[in-house]
Amino acid sequence: MSNNAISEIVKLKRKLYVELLKLVKSGDLTAEISNLSKKMITKDTARYRCCEFKERAIFEERIKAVLGFNIAENSKKSLEELAASLPRWQKKKRIVEVIGKACDSCPIDKYLVTDACRNCVAHKCVNSCPVKAIVVIQNKAYIDQDKCVECGKCAQACSYNAILENERPCSRACELDAISSDSNRQAKIDQKKCVSCGSCIAACPFGAITAISDLIEVALNLFAEKNNLAVMLAPSFLGQFGHQQSAAKVNYALKKVGFRLVREVAAGAEITAAAEAEELEEKIEFNKTLLSSCCPAFKKMVEKEFEELSALISKTDSPMSVTAAEIKSKNPELKTVFVGPCTAKKAEALKDKNVDYVLNFAEMLALFTASNINLAQINEEEELNDAGQLGRQFAYAGGLQQSLKELTASDFKCRQLDGLGRLKKELYLIRANKHDYNFLEGMACSGGCVGGPFSMINQNLAKKLVKEFAESF
């Protein structure tokens, strides 16, 4: 889902993360947070809106999200008040939110007639419109937007492809139609449809859609005199902090930052694969189908839009959940921090008593920066040998499928698909019993987790590095 480009939005977010972390580390978060927007955005700072005051207003909304608060619910609370209330004892209600002040209110006239219109004799567009919204004026067709119901029949009918479908970047990216516009033409998320996949966050060119963060909560624990944090690295972690950095070097750096324990989620993935293989054997025996459960966005889509197929989802816990449960069982005092490229994992963690926090790779990189740790300058290493190939290959599309083939004694047919749009079509076929396989591996992101919305390197390179790491075990 991510194009992995280091855009201005990414740079602004990273800068904000680091500045907030410095305030946490110095103990000045509550005292100085109200001055942060003025410090970082001055009249001479590069601007993307009308004035520095609008930039600051948006910046302060973004700060609320990084502090871990839902923006709309805390619109009347000051940053100082919110900072003073940390750490929180209740988990947030939702993950993905629109920063209303940042939304560009993209034009929502969905269909427009271009200059390619030839004023043909057939007037197929006029005749196809069910509400008579198209008229011809001075040899060109026009759409009366007050009448248009956005059915698209005119665009389909035009022989010249002269009618353009105009769609918001966020709406175009959302394959579940969870984004529409409100009366002010601002983006609106339908939480009943949203599966927190994060595609809209990556797609918005104004950075107006964001994920509510756990970064400051983690930092408050991490920079305390005595912390009790265990970090869980997603199988896709290798290369995300610099493609030349080794797993052993990342492990050493995390211990230097202050984490008491570092664990590969790939270790939990091996347990997940073994349990799922047992489930699959049962399905094969009765010629039934099993749906994978490791991708929370795919799982939530099935539960929301194909409720009758929910029984087909594997009952096995996700690798993140399994890893967190193992850590807690050995040391209940530890708080677990999952680090990965996924927004949906944040939503999954809200319902998992063993997962306390979820960070993305950019947030973890900011923790390194705020702690004056440069991975490129570190020579020390500490081996990371938690898992093998069966778990590490979960990071890319087809990895789970391959693990099950190696663990399952019976012959079976399987199918792997990534992308919620493609998976949705496949689920319709399963519902109609027009499929011939026993297992479907569903991954919301293109290429699997290596293509997640918060992945920081090209997914092809990420897959190559993960495969090399997995095969080196």
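Select threonine 289 to start: this residue sits in the loop between helix H12 (265-285) and strand E11 (290-291); helices (H or I, at least four residues) and strands (E, at least two) are DSSP runs, numbered from the N terminus. The model is predicted, so local features need pLDDT of at least 70 and side-chain atom pairs pLDDT 80 or more, while totals for chains, interfaces and linings use all residues. Residues are numbered from 1 along each chain as its sequence is written, and side-chain values use heavy atoms, without hydrogens and water.

Threonine 289 has a relative accessible area of 7% and is buried (under 20%; exposed is over 50%, partly exposed in between; 1.4 Å probe, protein chains only). Now show the residues around threonine 289. Leaving aside neighbours within four places in sequence, its contacts (heavy atoms within 4.5 Å) are Lys283, Leu312, His435, Tyr437, Asn438 and Phe439. The threonine 289 side chain makes a polar contact with that of histidine 435 at 2.7 Å (N or O atoms within 3.5 Å, one able to donate a hydrogen and the other to accept it; residues adjacent in sequence count only if both atoms are side-chain atoms).

Next, select the cysteines. The whole structure has 0 disulfides (cysteine sulfur pairs within 2.5 Å). For cysteine 148, the nearest cysteine sulfur is that of cysteine 154, 6.4 Å away; cysteine 148 is partly exposed, at 21%. For cysteine 158, the nearest is that of cysteine 125, 6.4 Å away; cysteine 158 is buried, at 15%.
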